[in-house]
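The briefing follows the display below.

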Amino acid sequence: MCGLFGFYLKRPLSDTDINEGVKILRLISHRGPDSTNYYFDRSKGIFLGHTRLSILDLSENNNQPFVKNNNVLIYNGEIYNYKEIKNKYLSKNTLYKTKGDTEVLFELLENNDFNNLNLIDGMFAFAYLKGDNLYLSRDIYGEKPLYYYQNNNGIYFSSEQKTIIKICKLEKN
């Protein structure tokens, strides 16, 4: 189990936005005690946070957010057939720096623009930033949770509702 938390605002990020994002990310640290990292782009108004529970490829190279070619992935899940996807559907010329499923998912998204998510045998939720576009997705059965809330400021998303409730100052009912 890992944790995702992030937001994409309709304005540039301030120091307060970034500090609040880091603070809120700590609320889901129990989902991934092995690593906590984040990515932000002030001008785009994006903050992507991840807490990692290491299962495959325990090296630091597999920590997230996973950034390559100016695109960013945060991901919670497990792709059981990632080796098959890597060997059968992805370019043989790609130099991989990890041995896990995160980079395989990244390459699948990078090269196929979501057309081949049905190849995945597994459970997942992810946020993928490609250029100025943010894509949120989860497996068809929703095994890995992905909650979101949109308001006039932008969109907020997380593996748990409490982070969205806290940062958006919502009331439970």
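Tyr-128 is buried, at 0% relative accessible area, where buried means under 20%, exposed over 50% and partly exposed in between (1.4 Å probe, protein chains only). The model is predicted, so that local features need pLDDT of at least 70 and side-chain atom pairs count only at pLDDT 80 or more, while totals for chains, interfaces and linings use all residues. Residues are numbered from 1 along each chain as its sequence is written, and side-chain values use heavy atoms, with hydrogens and water left out.

**Aromatic pairs**

- Rings of Phe, Tyr and Trp (its six-membered ring) pair if their centres lie within 6.5 Å, with planes under 30 degrees apart counted as stacked, over 60 as edge-to-face and the rest as tilted; by this rule there are 10 aromatic pairs.
- One of them is the stacked pair of Tyr-38 and Phe-40, with 6.3 Å centre to centre and 20° between the planes.
- Tyr-38 counts as partly exposed because its relative accessibility is 40%, and Phe-40 is likewise partly exposed, at 32%.
- Phe-106 and Tyr-128 form an edge-to-face pair, 5.8 Å centre to centre with 80° between the planes.
- Because Phe-106 lies in helix α3 (residues 101-112) and Tyr-128 in strand β6 (residues 122-130), this pair ties together parts that are 22 residues apart in sequence.
- Phe-106 is buried, with a relative accessible area of 0%.

**Ring cluster**

- Ring pairs link Phe-5, Phe-7, Tyr-38, Phe-40, Phe-47 and Tyr-156 into a cluster.

Definitions and conventions: Helix = DSSP H or I, 4+ residues; strand = E, 2+ residues; numbered from the N terminus.
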